[in-house]
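Please open the structure in your viewer and keep the selection tool at hand. The tour below goes from stop to stop, saying at each one what to select and what is there.

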Amino acid sequence: MTAVEGIKEFIKFSGFANCTWRHLVMICIGLLFIFLAIRFEYEPLLLVPIGVGIIIGNIPFLEGAGLQVGIYEEGSVLNYLYFGVTKGIYPPLVFLGIGAMTDFSSLISNPKLMLLGAAAQVGIFITFWSALMLGFAPPEAAAIGIIGGADGPTAIFMSSMLANGQKMMHTGAFAGQTVQNLIGPIAIAAYSYMALVPVIQPPVMKLLTTKKERRIRMKPPRVVSKTEKILFPIIGLILTCFIAPSALPLLGMLFFGNLLKESGVTKRLANTASNALIDIVTIILGMTVGASTQATVFLTDKSMMIFVLGALSFIIASACGILFAKLMNLFLKEGNKINPLIGSAGVSAVPDSARVSQVEGLKADPSNHLLMHAMAPNVAGVIGSAVAAGIMLSFLLNF
């Protein structure tokens, strides 16, 4: 090979020779995520890994040349890391860490607030029907709908089961067809909306509540005994998994992590689950989800539709929680009223949606702190979205 031929070969393999406008668009999106995380501190623990992952996944290279660098190239390092996403391995580990970090006291002390977490799941089912009307197959529509729960791990778990590009459908007009691989766009949409909770929810909260409602003061939660805290994850595990066994990997790990925390005799394990383990999984999960947005695979009309449906789902879920709180107030005596601002925390973006309730409450009344009250529907939303996912899996896993 002459020097000139060598230079031509080098250029052929370079990113400059293989770059398309799609790569540049995705790299700009990755930079935007990093900017939002650093400049405005919107979920930096998620957006920085995802943003960097988007850039890594969209560095142009000569596809099909056996370089084994792309996330979709079998045998590449990224492909091995992505295995944990496609097989739903990472989400249960994240739930283990969430369980070990979560204090369910506010929910135990005021269990009726669990209804707000359940109400917020309505958005999942409305978006499911919307996706069906747009032509998505039922398993794909179910995976898209779960974005409304603002629960990234559950969205990934659902899409790895129902919209993984491998599942064959056996029923109805889609019989004999394979579901589309929607893991990348669903995961990116879910985590993006989780990060944008402080931007999306406040306008919805202000639109659906009056100033008087935003000033409602709630009774302080009662003190919860240690016995109650220990019994809650055990009873919760058995009860929820009997209702929706398909969600066992998520709910089982969530309540297991919480028992490690509340038992008081496994502090080392609880500390590992809530710190080192969840940090490692979050880094790998965020980076690989970002890298899965490889432009040649990701930037399609379907992906754009998923982003629109995801936003719709998230807004509806937030609105349903607020409206249900207002409905409950019609039946509650004065002094027991619920501040409807905590209804939007029924989506399971823990603890950001609860923080948004606190911030909006303080704007209406600087001495009215809602954080502890908002944590009840917030943690209920985590359980609710996992149960909703399990119910959908029961119906559609063998579709």
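Begin by selecting helix α15, residues 226-243, which gives the lining of the second largest pocket its largest share, 8 residues. The model you are looking at is a predicted one, and in it this pocket has a volume of about 460 Å³. Of the 23 residues that line the second largest pocket, show Met114, Phe232, Leu239, Thr240 and Ile383, the closest to its centre. If you colour the lining of the second largest pocket by residue class, you will find 17 nonpolar residues, 5 polar ones and 1 charged one.

Next, go to the largest pocket, in which about 1000 Å³ of space lies. Its lining has 39 residues, and those to select for finding the centre are Glu43, Val350, Pro351, Asp352 and Arg355, which are the closest to it. Which helix gives the most to the lining of the largest pocket? Select α20, residues 352-364, and you have the answer, for α20 contributes 6 residues. Other helices that each supply at least two residues of this lining include α4 (44-57), α6 (90-101), α17 (267-291) and α21. By class, the lining of the largest pocket divides into 25 nonpolar, 5 polar and 9 charged residues.

To see the contact itself, show the side chains of Ile124, Phe125 and Phe128 in α9, which meet Ala388, Met392 and Leu396 in α21. The residues of this contact comprise 6 nonpolar ones, with no polar and no charged residue among them.

The next selection is helix α10, residues 138-145. Is this helix largely enclosed or largely open? As 8 of its 8 residues are buried, α10 is largely enclosed by the rest of the structure. The buried residues run from Pro138 and Pro139 through Glu140, Ala141, Ala142, Ala143 and Ile144 to Gly145. To view what surrounds them, select α9, α11, α12, α19 (301-329) and α21, against which the buried residues of α10 pack.

Now move to Ala163, in the loop between α11 (152-162) and α12. Why does Ala163 count as buried? The reason is that its relative accessibility is 0%. Neighbours within four places in sequence set aside, Ala163 is in contact with Glu140, Ala143, Met158, Val179, Gln180, Asn181, Leu182 and Ile183, and both Glu140 and Ala143 are buried residues of α10. For a sense of distance, select Tyr82 as well: Ala163 and Tyr82 are 81 residues apart in sequence, and 15 Å apart in space from C-alpha to C-alpha.

The last stop is Gln294, whose place is in the loop between α17 and α18 (295-298). Gln294 is buried, with a relative accessible area of 5%. Select Gly57, Asn58, Phe61, Glu63, Gly70, Ile71 and Tyr72 to see what Gln294 touches, residues up to four places away in sequence not being counted.

Methods. Residues are numbered from 1 along each chain as its sequence is written. This is a predicted model: local features need pLDDT of at least 70, side-chain atom pairs count only at pLDDT 80 or more; totals for chains, interfaces and linings use all residues. Side-chain values use heavy atoms; hydrogens and water are left out. Contact means heavy atoms within 4.5 Å. Helices (H or I, at least four residues) and strands (E, at least two) are DSSP runs, numbered from the N terminus. Ala, Val, Leu, Ile, Met, Phe, Trp, Tyr, Cys and Pro count as nonpolar, Asp, Glu, Lys and Arg as charged, and the others, Gly among them, as polar. On a 1 Å grid over the protein atoms alone, a cavity is a set of points where a 1.4 Å probe fits but cannot get out, and a pocket is an open set with protein on both sides within 12 Å along at least five of seven lines; lining residues have an atom within 4 Å of a point. Grid points are joined across faces, edges and corners, and a volume is the space filled by probe spheres set on the points. Buried means under 20% relative accessible area, exposed over 50%, partly exposed in between (1.4 Å probe, protein chains only).
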